[in-house]
Amino acid sequence: MKRANETLKELLVGIGIYGVAAEIICLIIGYDILHVSAGLLVGVLTAAGMVIHMDRALEDALDLGEEGALAHIKKTYLIRITVVFLILGAVVYFKIGNVFAVLVGVMSLKLAAYMQPAVHKFMASKKS
């Protein structure tokens, strides 16, 4: 479980790095900075929530049998997708931010997964 907690931290760091880099790009582009930044923040926070929820779902699934684990993982996946759509709907309805920026922020989860090995090496070298 210690390795899983390290991976969770590394993914969260990757999401944070992506969020900062994307925010810098948004500031350089300069189009509707307030709404784009708000949307990006909502998306990055959603991605962080998703990765934490995935971690909890996987921990819970390890205690179930094969069929139960598969059903649990499918259920939690549907919950995450539903929450993302609800958040997108709330952003549109309440005009909180730019919807495209929210999607860009949510994609930070994907990029963080690709960045995780490099983040792991960097964090491991800092511990030594």
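Predicted model: local features only at pLDDT ≥ 70, side-chain atom pairs only at ≥ 80, totals over all residues.
Residues are numbered from 1 along each chain as its sequence is written, and side-chain values use heavy atoms, without hydrogens and water. Local features need pLDDT of at least 70 and side-chain atom pairs pLDDT 80 or more, while totals for chains, interfaces and linings use all residues.

**Pocket**

The second largest pocket holds about 190 Å³ of space. A pocket is an open set of points on a 1 Å grid over the protein atoms alone, where a 1.4 Å probe fits, with protein on both sides within 12 Å along at least five of seven lines; lining residues have an atom within 4 Å of a point. The volume is the space filled by probe spheres set on the points. Among the lining residues are Ile25, Cys26, Tyr31, Asn98 and Phe100. Helix 1 gives the most, four residues. Helices are DSSP runs (H or I, at least four residues), numbered from the N terminus.

| Lining class | Residues in the second largest pocket |
|---|---|
| Nonpolar | nine residues |
| Polar | two residues |

The largest nonpolar core has 20 residues; Ile15, Leu40, Met50, Val51, Val102 and Leu109 touch the most other members. Such a core joins buried nonpolar residues through side-chain atoms within 4.5 Å. Buried means under 20% relative accessible area (1.4 Å probe, protein chains only). Leu109 touches Ile15, Ala47, Met50, Val51 and Met54, leaving aside residues up to four places away in sequence; contact means heavy atoms within 4.5 Å.

Leu109 is also among the buried residues of helix 5, as is Met115. Helix 5 bends by about 50° at Met115, and Pro117 follows within four residues. The bend is the angle between axes fitted to the seven residues ending there and the seven starting there.

Technical notes
Helix = DSSP H or I, 4+ residues; strand = E, 2+ residues; numbered from the N terminus. Nonpolar A, V, L, I, M, F, W, Y, C, P; charged D, E, K, R; others polar. Buried < 20%, exposed > 50% of the residue type's maximum accessible area, 1.4 Å probe, protein only.
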